[in-house]
Amino acid sequence: TGTMTEAPITVTYVYELKDASVLVKYLDSETGAELAPNELIEGKVFDSYETTAKTFNEYNLTATPSNAEGTMTVTETSSETLVKYEYVKKATKVVEKYVDINSNEVVSSIDHPGKIDDEYEITPSAPEGYVLLTEDAEGNSLLPTNAEGIMTEEVIEVIYKVAKAATVRAIYVEDGTDTKLATDVVIDGYEGKAYTTSAKTV
């Protein structure tokens with residue numbers, strides 16, 4: 001403001017560029033959890049910026065954000081540009097196997113796909129014609145200790161031991177005939193398992 005004079009008066013307004021910033025986040029795409037501390041890049045409007053992805057052992061980057069690099073801007077409501085790097089847990093699996101006493105697979109293995117840190121539980125189902133072995137002759141467990149747990153980046157193998165099913169039938173007949181004197185006794189088991197039968201008093 002002022003008073004005009006005969007000589008021309010020049011009034012000069014001087015502006016400076018507004019402050020601007022870029023906020024970089026590294027997030028789990030499914031849970032929204034932060035995988036690393038946020039990074040803040042500060043500058044002025046029209047400043048160029050560039051961001052980079054981070055590497056996490058258990059995650060894969062879903063895609064590079066379209067504004068991973070660019071020029072700082074401001075809007076009526078914000079002076080901050082948000083750059084989000086989103087990651088997903090790596091895929092993995094648990095393999096269910098059935099093997100004989102010589103560790104040979106008797107059927108094709110079964111894959112249970114998932115992601116790192118997923119919980120899993122494998123319930124055994126012996127292949128047709130086989131029996132699940134639960135303990136050895138000394139009573140020691142033959143069941144896998146990792147039948148349930150948490151998936152890891154390394155593929156987990158859950159191995160069940162099985163044997164071919166076998167049956168022993170004891171029959172009690174009159175000498176020289178097929179006449180049965182008592183009910184048959186059926187013992188179910190598997191190949192290699194010891195069995196005992198006994199005579200009946202009739």
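Which residue does the side chain of K89 meet in a salt bridge? The partner is D117, at 2.9 Å from N to O. Keep that pair in mind; I'll come back to it. One caution first: this is a predicted model.

Let's start with the whole chain. The secondary structure comes to zero helices and 13 strands. Along the principal axes, the C-alpha atoms fill a box of roughly 150 × 25 × 25 Å. As for burial, 25% of the 202 residues count as buried.

M4, I9, V11, Y13 and Y15 make a nonpolar surface patch of about 750 Å². Take Y13 from that patch. Y13 sits in the segment before strand 1, which covers 19–28. Its relative accessible area is 67%, so Y13 is exposed.

Four strands form an open sheet in the order 2-1-6-4, and the pairing is mixed. Strand 2 (39–44) and strand 4 (59–63) are the edges, each pairing on one side only. On average, neighbouring strands here are turned by 25 degrees against each other, direction ignored. Strands 1 and 2 pair in the antiparallel sense, over six bridges. In that pairing, S21 stands opposite E42 of strand 2.

A quick word on strand 3, residues 48–50. E50 is found there. With a relative accessible area of 57%, E50 is exposed. E50 and S29 are 21 residues apart in sequence, and 22 Å apart in space, C-alpha to C-alpha.

On to strand 12, residues 156–173. Strand 7 (residues 91–99) runs parallel to strand 12, and six bridges join them. There, E96 has V158 as its bridge partner. Strand 10 (residues 130–132) runs antiparallel to strand 12, with three bridges. L132 stands opposite V162 in strand 12. Strand 13 (residues 180–190) is also antiparallel to strand 12, over eight bridges. Here T167 faces D188 of strand 13. Strands 12 and 13 form a hairpin with six residues between them. In the turn, G176 has a positive phi of about 80 degrees.

Finally, the charges. How many salt bridges does a search of the whole structure find? It finds 10. Let me pick out some of them.

The side chains of K115 and E30 meet at 2.6 Å, N to O. K115 is in strand 8 (residues 110–115), while E30 is in the loop between strand 1 and strand 2, so this pair links parts of the chain 85 residues apart. K115 counts as partly exposed, at 26% relative accessibility. E30 is exposed, at 53%.

K54 and E39 meet at 3.0 Å, N to O. K54 lies in the loop between strand 3 and strand 4, and E39 in strand 2, 15 residues apart. Both are partly exposed: K54 has a relative accessible area of 30%, and E39 comes to 33%.

Back to K89 and D117, the opening pair. K89 is in strand 6 (residues 80–89), and D117 is in the loop between strand 8 and strand 9 (119–121), 28 residues apart. Buried means under 20% relative accessible area. K89 is at 17%, so K89 counts as buried. D117, at 39%, is partly exposed. Elsewhere, salt bridges that share partners join K97, E105 and E157 into one network.

How values were computed:
Residues are numbered from 1 along each chain as its sequence is written. This is a predicted model: local features need pLDDT of at least 70, side-chain atom pairs count only at pLDDT 80 or more; totals for chains, interfaces and linings use all residues. Side-chain values use heavy atoms; hydrogens and water are left out. Patches are made of residues with over 30% relative accessible area and no salt bridge: like charges are joined within 9 Å, nonpolar side chains (Val, Leu, Ile, Met, Phe, Trp, Tyr) within 5 Å. Accessible areas come from the Shrake-Rupley method with a 1.4 Å probe; for residues, only the protein chains shown count as cover. A salt bridge is a side-chain nitrogen of Lys or Arg within 4 Å of a carboxyl oxygen of Asp or Glu. Helices (H or I, at least four residues) and strands (E, at least two) are DSSP runs, numbered from the N terminus. Buried means under 20% relative accessible area, exposed over 50%, partly exposed in between (1.4 Å probe, protein chains only). Two strands pair if DSSP finds at least two bridges between them. Axes are lines fitted to C-alpha atoms, for helices over the stretch in contact, and angles run from 0 to 180 degrees between N-to-C directions.
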